[in-house]
Amino acid sequence: MPQKTVAKETTVEQALLDSMPALNGNNKRPLDAAMVKKLEKRIRYHIKYSLGHTLADVTCHKVLQAVSLAVRELIIDGMLKTETRYRRKKTKRVYYLSMEFLMGRSLENNLYNLGVYSECREALSGLGFDLQAVVDQEPDAALGNAGLGRLAACFLDSMATLHLPGFGCGINYEYGLFRQKLDNGYQVEMPDNWLRELSPWQIERRDEAHIIPINGRIYHELDRNGQYNPMWLEWKVLIGIPYDMPIVGYGGKTVNYLRLYTAHSSDEFDMSIFNQGDYLKAVEQKMASETISKVLYPSDSVASGKELRLTQEYFLVACAIRDIFKKFDQEGYKLHQLPEKVAIQLNDTHPALAVAELMRVLIDEKDLKWQEAWQLMHETLAYTNHTLMPEALEKWPVSLFEKVLPRHLQIIFELNHRFLQQVAKKWPGDAERLRRMSIVEEGPEKQVRMAHLSIIGSHSVNGVARLHSELVKHKLVPDFYEFWPDKFNNKTNGITQRRWLLESNPELAGLLNETIGDAWITDLDAIRELENHAEDTAFLQKLCDIKRANKVRLAETIYESTRMRVDPDSMFDIQVKRIHEYKRQLLNVLNIIHQYFSIVEDGMSLPVPKTYIFAGKAAPGYQMAKLIIKLINNVARMVNNDPAVNQQMRVVFVPDYRVSLAERIFPAADLSEQISTAGKEASGTGNMKFALNGAVTIGTLDGANVEIREEVGEENIYIFGMRAEQALELIQSHTYKPWLYYQENPRIKRVMDSIAVNYFSRNEQDIFLPLFEKVVYTVDEFLHLADLQPYIDMQQRVSEDYLDRHAWAQKSLFNIARIGKFSSDRTIKQYASDIWHLSPVAP
């Protein structure tokens with residue numbers, strides 16, 4: 001029988017939610033009865049004819065497939081109309097190349113953007129199903145890892161909403177990064193086979209498959225005119241099959257797509273190997289080719305992993321550039337029009353091979369001279385830098401290039417030679433500058449520096465927050481900035497309010513619509529009108545009621561995944577992001593340990609009960625980050641099981657952080673932890689999502705926190721710790737001595753000693769000793785102990801301020817009302833205007 005909604009006892013929170021205006025994309029209009037009828041009819045059709053079930057025996061999971069197929073019909077109509085519009089107007093197109101697109105779930109997002117959410121809910125209700133129960137069946141599309149991939153997803157949403165001809169290009173990973181489980185507090189990585197069933201959101205384009213050459217060798221020949229003509233021969237072949245995932249802009253008038261490539265071997269395995277009797281080797285070779293799109297970010301700690309990652313990056317750009325030229329040629333353009341009709345944005349260094357591949361195609365396949373090809377390539381490509389961390393600035397061994405991409409290495413060498421000639425002309429005799437700026441890093445093993453390749457090959461280089469862009473120019477690559485000052489610019493990141501408020505916090509969205517109208521959905525600056533209600537006690541109470549309802553919902557989610565009960569009347573202090581030393585989850589834990597001892601040894605009471613919530617994944621090979629997860633969980637076990645403490649404080653690590661979990665977390669936060677070492681975080685977007693949902697930030701002046709403080713006001717954010725220039729000076733001057741903080745501050749000493757003497761690991765002796773030694777006895781570049789006391793003091797102030805709930809509600813309101821700058825719509829408008837020179841193509 002259909003899984004009908006089960007009636008539950010009505011709670012205060014449920015009564016509040018039921019009283020909120022129904023959101024229908026635009027809550028001012030009534031239900032579209034014709035659309036309800038149409039959706040119900042199509043859902044019935046797909047249950048019967050696409051899935052082979054009757055309404056009586058279909059499961060909720062199968063209903064998800066049927067609903068998705070019904071909604072897909074509406075989307076494809078829009079996608080075909082959009083493409084017709086673009087072709088008719090001969091518009092320029094932008095292609096956003098990224099190794100990650102963290103899309104999350106699609107059904108609910110598509111329903112909101114099409115404006116048929118309520119109609120679908122009504123249609124399903126008529127069939128005996130609850131829409132939310134159906135939505136919860138959908139797996140997250142595991143096409144990304146963290147902020148880089150989620151930013152790309154937000155950008156695609158904004159491009160479609162703004163009617164810009166923008167398309168993503170990525171890899172159709174069969175397995176995501178990993179599913180995270182916890183075993184005795186340790187992170188355990190499990191396969192994330194999100195594509196175990198065909199996705200209804202992907203449209204296979206097998207007839208548009210691309211042949212991609214790889215490996216082989218270079219034959220040094222002369223052409224008929226006696227000119228050098230290198231021949232790339234004896235290469236192997238990969239097949240790239242495109243799958244299109246439609247991207248619906250808000251209102252449904254523009255539907256772009258994300259094109260994802262799946263790797264296949266050529267149609268048959270190598271018959272020469274087979275005929276020699278080595279059938280297994282022939283099959284293994286075929287399977288190895290198809291491994292390319294199996295998993296996101298294979299480990300590069302071994303040679304085979306390095307080769308696979310480089311191959312993945314090449315596979316992406318080679319497929320994308322073939323697609324771009326196919327579309328370009330179909331529309332009848334001439335080669336000299338390439339920058340007029342095509343823009344390619346490189347999302348970090350992973351697609352940097354687009355520089356070499358585009359040059360190769362223009363020279364080897366389109367028969368252009370070097371200088372002409374260079375000019376076209378340079379005007380077409382643009383590069384976004386996302387990191388200041390040295391280990392994230394990719395480098396690949398020259399020997400690996402020689403094996404995998406010999407022709408591309410030739411092109412890189414020639415490009416580097418010509419570039420260094422220009423540098424030498426500007427700074428004659430400066431050999432050290434030539435060494436710093438060269439694409440090829442000299443050393444025992446020569447390396448190709450992909451950031452240098454991206455900068456040289458692009459007409460624009462942008463950072464992703466004002467502070468970050470300044471650090472890129474003056475600290476990361478100052479030589480390049482001095483050489484090309486006009487090339488560098490800033491584009492502060494943003495988030496889509498449609499995913500991160502309209503969809504994930506519908507109760508708050510309903511209150512906003514009721515109070516200030518719905519213009520904010522496509523113009524987040526309009527949310528500023530909310531400031532007019534800062535003194536409205538009744539409105540502030542509604543804001544608080546919605547926050548508590550969201551905390552109840554998150555508490556239920558936490559219990560389902562951890563069996564831990566948390567109190568929604570406590571302050572929810574939340575840090576959710578990739579686990580990394582520079583993001584300083586460890587600093588958070590050190591403060592928790594301090595508070596624990598303040599209670600059990602000093603007899604103090606916290607000003608307010610607090611629930612500390614963590615979530616995030618550590619890279620499988622990053623042992624220090626995995627040890628931090630273990631410490632969080634061991635401290636949580638001690639705190640949560642101590643009756644003297646657990647009524648004042650609880651700690652929980654929620655496993656398997658992903659977009660659908662984030663949609664539960666952000667609306668429920670009271671305090672947002674953005675405490676990275678100043679000068680290390682490029683931007684961050686979690687800080688924006690928290691603020692949009694009314695959380696108040698505690699953080700350092702790092703990344704976009706600087707700009708958030710300017711927008712929301714100093715009185716509505718809690719800033720502590722060193723500034724970026726102070727942190728940099730402390731490290732570079734070699735004057736940071738963490739052991740002095742440890743020796744001279746009794747609070748810090750007690751906290752660190754508890755880690756060293758196994759207080760939180762009594763049955764696991766010395767497991768946290770590496771953390772203790774790294775923080776206390778080495779020059780910890782993340783400056784944990786330097787910022788610990790200021791952080792403890794600021795946490796105390798936060799808790800005291802939280803006691804005044806009226807004032808705290810006002811802080812929350814101002815964070816919501818003043819976050820308009822941080823919409824990805826604004827960011828994309830700036831990219832389109834300043835870098836891509838792209839105009840909207842409105843219906």
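So, let's start with two helices, α10, which covers residues 303–330, and α12, which covers residues 354–365. In this predicted model, the pair packs at an angle of about 45 degrees, and the axes sit 9 Å apart. Because of that angle, α10 counts as oblique to α12. As for handedness, α10 passes α12 in a right-handed crossing.

Who's actually touching whom? From α10, we've got Tyr 314, Val 317, Ala 318, Ile 321, Arg 322 and Phe 325. Over on α12, the contact uses Ala 354, Glu 357, Leu 358, Arg 360, Val 361, Leu 362 and Glu 365. If you sort those contact residues by class, nine are nonpolar, four are charged, and there are no polar ones.

Okay, keep α12 in view, and let's move on to a pocket. This is the second largest pocket, and it holds about 850 Å³ of space. There are 25 residues lining the second largest pocket, and the closest to its centre are Asn 229, Pro 230, Ile 363, Asp 364 and Arg 407.

Which elements supply at least two residues each of that lining? They're β8, residues 228–233, then our friend α12 again, and α15, residues 406–426. The largest share comes from α15, with six residues of the lining.

Terms used: Residues are numbered from 1 along each chain as its sequence is written. This is a predicted model: local features need pLDDT of at least 70, side-chain atom pairs count only at pLDDT 80 or more; totals for chains, interfaces and linings use all residues. Side-chain values use heavy atoms; hydrogens and water are left out. Axes are lines fitted to C-alpha atoms, for helices over the stretch in contact, and angles run from 0 to 180 degrees between N-to-C directions. Helices (H or I, at least four residues) and strands (E, at least two) are DSSP runs, numbered from the N terminus. Angles under 35 degrees count as roughly parallel, over 145 as roughly antiparallel, 65 to 115 as roughly perpendicular and the rest as oblique. A crossing is left-handed if the near helix is turned anticlockwise from the far one by less than a right angle, and right-handed if clockwise. Contact means heavy atoms within 4.5 Å. Ala, Val, Leu, Ile, Met, Phe, Trp, Tyr, Cys and Pro count as nonpolar, Asp, Glu, Lys and Arg as charged, and the others, Gly among them, as polar. On a 1 Å grid over the protein atoms alone, a cavity is a set of points where a 1.4 Å probe fits but cannot get out, and a pocket is an open set with protein on both sides within 12 Å along at least five of seven lines; lining residues have an atom within 4 Å of a point. Grid points are joined across faces, edges and corners, and a volume is the space filled by probe spheres set on the points.
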